[in-house]
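These are my notebook entries on a structure that I had not looked at before. I kept each entry to what I looked up and what I found.

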Amino acid sequence: MSTAPDLSPWRWWVCALLMLATVINYMDRMALNQMAVEIKTALDLTDLRYSWLESAFSLAFALGALATGYVVDRARVWWVYPLVVVGWSLAGILTGFAGSFWALIACRFLLGLFEAGNWPCGIRTTRAVLPPAERSLGNALFQSGTALGAVVTPLMVLAILRRAETFELAETWRVPFRVIGALGLVWVALWFITIPKRMLAGGGGTGPANRNDARFTDVFRDRRFWALVAVVVAVNVTWHGYRTWLPLYLREQRGYSREEMSAFTTVYYLVADVGSWTVGLLTLLLCKRGVPVHTSRLLAFTGCSLLAVCTAAVPFLPDGWGLKAGLLVVAFGALGLFPTYFALSQELSAKHQGKVTGVLGACAHLSLAAVYPVEGLICVMTGSKEWVLGGIGLFPLLALVVMLVLWPPRPEPPVAS
């Protein structure tokens, strides 16, 4: 039988540490994007070859998600989580020593393999410490680390590059990888010092969501799982498409300087973080006002999907505030989709939560591994990144249709306030 979540206030510190892990995770990942122009120049890369770096990362991420999902259902997440953080931190440090394109691909592969563990471990943890009504907010806190990491990364990379340039270091683009990669070790120490094992002893499952816990294969017979496959692919194609191509788009097509690009992407991800928090809080408030939990989640997902569709206007927006406003609307909606997805994924199985998260993450990143080279080829053939950025925001709306067909709202008791 699953252990009920520990409802002490300490559970929110656990969620805060999950957010910090995700911040570091994204800093390691996004350092490449922030220095894409410098790396393309140093290693003589085309957009297509650059896309292979992202494809290798996503392929490894899919494998890592499956492996970690399996392990975290059998071993204590209290041990598994810090181990994967150490793994991706070392991969980040090694990236700063990569001497060729293929060495860089190998480092990105290792980074993806270990970074994938953040989500099975994190979702397993929030399910263990939070009751259902609080999970959207807890997941919003956890997921907001992606945006906070993305906010911090441009500023940190720029500061490190400037510092490295004052010392006249050769190939200054390598230094941020080494510095950022070392931060994960600090998080590991915090985890072991501040998180008691007892909080993560149970799976946190309660109620009818556990009816399929006997066998993992039963999850695949549940229509809701296939709805979530559509959702996880869609939200990741939109979010990661912008992560990959926006810095290059701003610098190569819109004429932004390195400093201007860093400043705007900082604001972009800050607004995305506000979107994640807003969705989590809105869902909780709707539940407290008597709206059924699933209906509240669907309303939030619908609103964010409509905002993400605004990406179709990007190719037509003029330089200046028109372009910036359009991109910020997309940022708010794109990250706001994730808290709802994570909360929905926690409804399938408590016993197999790690494997569910791992398989869904693998589906998303296998799709990305296939999509990135296509996006790179489109950029090369058209000489523009606007075709890519203009189309990727349509996917969440299509996923919403699948969700309504396979997982429609059903009568359920309101959440007690």
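Entry 1: Terms and model. I took buried to mean under 20% relative accessible area, exposed to mean over 50%, and partly exposed to mean in between. I also noted that this is a predicted model.

Entry 2: Salt bridges. I began with charged pairs, since side chains of opposite charge can pair when their charged atoms come close. My count came to 20 salt bridges.

I looked up Arg11 and Glu134, whose side chains meet in a salt bridge with an N to O distance of 2.9 Å. Arg11 lies in helix H1 and Glu134 in helix H7 (residues 132-166), so this pair ties together parts that are 123 residues apart in sequence. Under the cut-off above, Arg11 is buried, and so is Glu134.

I then turned to Glu54 and Arg243, which form a salt bridge at 3.1 Å, N to O. Glu54 belongs to helix H3 (residues 47-72) and Arg243 to helix H10, so the pair ties together parts that are 189 residues apart in sequence. I found both Glu54 and Arg243 to be buried.

The next pair I recorded was Arg254 and Glu386, with an N to O distance of 3.5 Å in their salt bridge. Arg254 is in the loop between H10 and helix H11 (258-288), and Glu386 is in helix H15 (residues 386-391), so parts that are 132 residues apart in sequence are tied together. Both Arg254 and Glu386 are buried. I also noted one network, in which salt bridges that share partners join Lys40, Asp47, Glu252 and Lys385.

Entry 3: The nonpolar core. Which members of the largest nonpolar core touch the most other members? I found that they are Tyr81 and Tyr268, in a core of 119 residues. Helix H10 (residues 223-253) gives the most to this core, with 16 residues. I listed the contacts of Tyr268, leaving out residues up to four places away in sequence: Tyr242, Leu246, Leu327, Leu328, Val330 and Ala331.

Entry 4: Cys121. I located Cys121 in helix H6 (residues 118-129). Is Cys121 buried or exposed? Its relative accessibility is 0%, and therefore Cys121 counts as buried. Not counting residues up to four places away in sequence, Cys121 touches Thr68, Val72, Val77, Val80 and Tyr81.

Entry 5: Thr22. I found Thr22 in helix H1 (residues 10-34). Thr22 has a relative accessible area of 0% and is therefore buried. What does the side chain of Thr22 reach at 3.4 Å? I found the backbone oxygen of Phe142 there. The side chains of Thr22 and Asn118 are joined by a polar contact of 3.2 Å. Leaving aside neighbours within four places in sequence, I recorded contacts of Thr22 with Asn118, Trp119, Phe142, Gly145 and Thr146.

Entry 6: Ile392. I placed Ile392 in the loop between H15 and helix H16 (395-406). At 4% relative accessibility, Ile392 counts as buried because the cut-off is under 20%. Ile392 is in contact with Val237, Thr238, Gly241, Tyr242, Thr311 and Glu375, when neighbours within four places in sequence are left aside. I also looked up Asn236: Ile392 and Asn236 are 156 residues apart in sequence and 9.6 Å apart in space, C-alpha to C-alpha.

Entry 7: Asp44. Most residues other than glycine have a negative phi. I noted that Asp44, a residue other than glycine, has a positive phi, near 55 degrees. Asp44 is in the loop between helix H2 (36-43) and H3. With a relative accessible area of 66%, Asp44 is exposed.

Entry 8: A surface patch. I ended with a nonpolar patch on the surface, formed by Leu59, Leu63 and Leu366. Together these residues have about 250 Å² of accessible area. I found Leu63 in helix H3. Leu63 has 42% relative accessibility and therefore counts as partly exposed.

Definitions and conventions: Residues are numbered from 1 along each chain as its sequence is written. This is a predicted model: local features need pLDDT of at least 70, side-chain atom pairs count only at pLDDT 80 or more; totals for chains, interfaces and linings use all residues. Side-chain values use heavy atoms; hydrogens and water are left out. A nonpolar core is a set of buried Ala, Val, Leu, Ile, Met, Phe, Trp, Tyr and Cys residues joined through side-chain atoms within 4.5 Å. Buried means under 20% relative accessible area, exposed over 50%, partly exposed in between (1.4 Å probe, protein chains only). Helices (H or I, at least four residues) and strands (E, at least two) are DSSP runs, numbered from the N terminus. Contact means heavy atoms within 4.5 Å. A polar contact is a pair of N or O atoms within 3.5 Å; within protein, one must be able to donate a hydrogen and the other to accept it, and residues adjacent in sequence count only if both atoms are side-chain atoms. A salt bridge is a side-chain nitrogen of Lys or Arg within 4 Å of a carboxyl oxygen of Asp or Glu. Patches are made of residues with over 30% relative accessible area and no salt bridge: like charges are joined within 9 Å, nonpolar side chains (Val, Leu, Ile, Met, Phe, Trp, Tyr) within 5 Å. Accessible areas come from the Shrake-Rupley method with a 1.4 Å probe; for residues, only the protein chains shown count as cover.
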